[in-house]
Amino acid sequence: MRDIGEVSLYLGSMDPVLGEAHTVSAPASAASGSPQTGATVELFGHRFHTGPAAALVAAVAARRDGRPRMIVTANVDHIVQLSENAPFREAYAGAAARTLDGMPLVWLARKACGQPVHRITGHDLLGCILADPPAFAQRVFFVSARQDAADALAIRLQAAGLPPGAVASAVPPFGFEHDAAYSRALAERIHAHGTTLLVMGVGAPKSEIWVDRHGQTLGEPVVFCVGDALNVAAGFLPRAPRLMQRLGLEWIYRFLQAPRRLFRRYFIKSWRFVGLAVRDQFRRRAG
């Protein structure tokens, strides 16, 4: 088990969501040689962190907000949904940190700030805890779309040093986010587990909105909203080859895996992103 490390990272003053300025610690390997670790960029009315994943996770874990410290990973679909869905916008605004997942967002961020920008996906967040769970990930709870995936990750974490009983999970029924009684019971179960890391793998925007609405019951765990990355980490879904990831073509690989589910997202809704991006460019230039 590893601790959070020794390199100071200053995040708070760069994002109003992060509240007061804090000096926190980050792994030396993550921050060394990277002056952009705590940098942010504004896109679509939100502040996104552009530094490496390990340093950001360490910084969020070091905070104490009295509520869940949620990390959300933005992609093109998120930006479209944020333009239409007020509860989703509220959840995003209340997040402890927002990262750039989709490559079109990374390219826009690089153009906007002229600095190195790290892409941080749900895969990257999980990578920070699976091989060598840090101190903040000693009591883990998975909210998963499939039990076998949650069980596989529990086995990995136990092999990495967590004791039996340190990892719990739930597979909520479809539409659980609209079931007040079930949601209350689930939130209470997560709190009773003593959860220090909550991993939401049931997709956006339901994961983010659910955490935002039930934050008072959940306590103050670090929260990763990772979607299908949970199933990939468990070995039940393949990820696109690295070249496709770098070229921004990962969406094609994902579409071919689930064409009926993803057709509307990629071929209908995604076109709205173009208009949103153009308007955001004009807004920032006018400002």
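Does D228 count as buried, partly exposed or exposed, and at what relative accessibility? D228 counts as partly exposed, at 25% relative accessibility, where buried means under 20% relative accessible area, exposed over 50%, and partly exposed in between (1.4 Å probe, protein chains only).

**Before selecting anything**

This is a predicted model, in which local features need pLDDT of at least 70 and side-chain atom pairs count only at pLDDT 80 or more, while totals for chains, interfaces and linings use all residues. Residues are numbered from 1 along each chain as its sequence is written, and side-chain values use heavy atoms, with hydrogens and water left out.

**The whole chain**

Display the protein chain in cartoon form: its secondary structure comes to 15 helices and 10 strands. Helices (H or I, at least four residues) and strands (E, at least two) are DSSP runs, numbered from the N terminus. Of the 287 residues, 52% count as buried. Among contacts (heavy atoms within 4.5 Å) between residues at least 6 apart in sequence, 70% join residues at least 24 apart.

**First stop: D228 and R254**

Select D228 together with R254. The two form a salt bridge, their closest N and O atoms being 3.3 Å apart; the term denotes a side-chain nitrogen of Lys or Arg within 4 Å of a carboxyl oxygen of Asp or Glu. D228 sits in the loop between β10 (222–225) and α11 (229–233), and R254 in helix α13, 26 residues apart, so the pair links distant parts of the chain. R254 is partly exposed, with a relative accessible area of 25%.

**Second stop: E250 and R119**

Next, select E250 and R119, a salt bridge with closest N and O atoms 3.0 Å apart. Because E250 lies in helix α13 (residues 250–257) and R119 in the loop between α5 (103–113) and α6 (122–127), this pair ties together parts that are 131 residues apart in sequence. E250 counts as buried at 10% relative accessibility, whereas R119 is partly exposed at 23%.

D280 is buried, at 6% relative accessibility, and R283 is partly exposed, at 38%.
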